[in-house]
Amino acid sequence: MASATRQTYGQRAEKHTNAAARALLETIERKRTNLCVSVDVTKKADFLRIIDTVGPYICLVKTHVDVIEDFDAGLIESLKELSVKHDFQIFEDRKFADIGNTVALQYSSGVYKIASWSHITNAHPVPGPSIISGLASVGLPLQRGLLLLAEMSTKGSLAVGTYTDEAVRMARANREFVIGFIAQRRMDGLGLREGEAMSQDEDFLILTPGVGLDVKGDGMGQQYRTPREVVLQDGCDVIIVGRGVYGKDNGANAEAVRAQAERYRAEGWKAYQERVGISE
Ligand code: 5BU
């Protein structure tokens, strides 16, 4: 069987056993987009306007719901309506990092009740496997999926080497809930002890932030690479773009936001087509 990097998103969707991973792969194939837009703005109106504008061009919206100043339950209802209107999945970039009992509460409860609306969320592997079981106790019954942060895009990140290897190992032991990684490259073959082999049906999704076409960084440690470097060269599956799409003014110019979303969608898709060797 060809490795995941050579298969189409549609072929991978047919075989995936996790509902959230399958839904994401099917959305990518159906809409011909591997673009996720990260909407990091602080006002509800800006947040919803940007999402309505980029909706046709994305497979996934990434949120940091805790930065929204005028948050209310209606915001989640509007987000869910937009996800139906434009056919995209939702990923709250919560980066859980505590003991199992605490993350289960943070995921299910509080002001945001993340598990009730976010198809995908993520966690730092730093506490060890109990973070996965804690989150799975809430997320699996709701058919959610979890990404582990195996690497970060920032300068000087400590998530390298053995840490990344062990993150992959933890994911492999929890494949019903862990659907992939936030990482900068394909993780295939990492985390194997001597004599162990990668299972033929292993297919972790790689979602990659730190993507930009016009600048190399943001002066606060972020590092950008192009969709081509990320998808074609390093085998990642979804490009995550924030400010590259909505700009410096909270997406005030809807036409500029639309044009950037279309530009990143086209770049990400071209890199994927080249990777799998198709021209349609
Ligand atoms: P940007 O505007 O494209 O730089 O936004 C990137 C987003 O991805 C932002 O929401 C970050 O919190 C997020 N991110 C990241 O940039 N790098 C990482 O390694 C991880 C998340 Br994990």
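1. Axes here are lines fitted to C-alpha atoms, for helices over the stretch in contact, and angles between N-to-C directions run from 0 to 180 degrees. The model is a predicted one.

2. On that basis, helix 3 (residues 44-54) packs against helix 10 (residues 254-276) at an angle of about 50 degrees, and their axes are 9 Å apart. The crossing of helix 3 past helix 10 is right-handed.

3. Which residues make the contact between the two helices? Helix 3 contributes Ile-50, Thr-53 and Val-54, while helix 10 contributes Ala-254, Val-257, Arg-258 and Ala-261. By class, the residues of this contact comprise five nonpolar, one polar and one charged.

4. The strands form a closed barrel: eight of them, in the order 1-2-3-4-5-6-7-8, with parallel pairing. From one strand to the next, the twist averages 30 degrees.

5. Strand 1 (residues 35-39) pairs with strand 8 (residues 238-241) in the parallel sense, over three bridges. Within this pairing, Val-37 stands opposite Val-241 of strand 8.

6. Helix 3 also relates to the strands: helix 3 lies across strand 1 and strand 2 (60-63), and runs at about 165 degrees to strand 1.

Definitions and conventions. Residues numbered from 1 in each chain as written. Predicted model: local features only at pLDDT ≥ 70, side-chain atom pairs only at ≥ 80, totals over all residues. Heavy atoms only, no water. Helix = DSSP H or I, 4+ residues; strand = E, 2+ residues; numbered from the N terminus. Left-handed = near helix turned anticlockwise from the far one by under 90°. Contact = heavy atoms within 4.5 Å. Nonpolar A, V, L, I, M, F, W, Y, C, P; charged D, E, K, R; others polar. Pairing = 2+ DSSP bridges.
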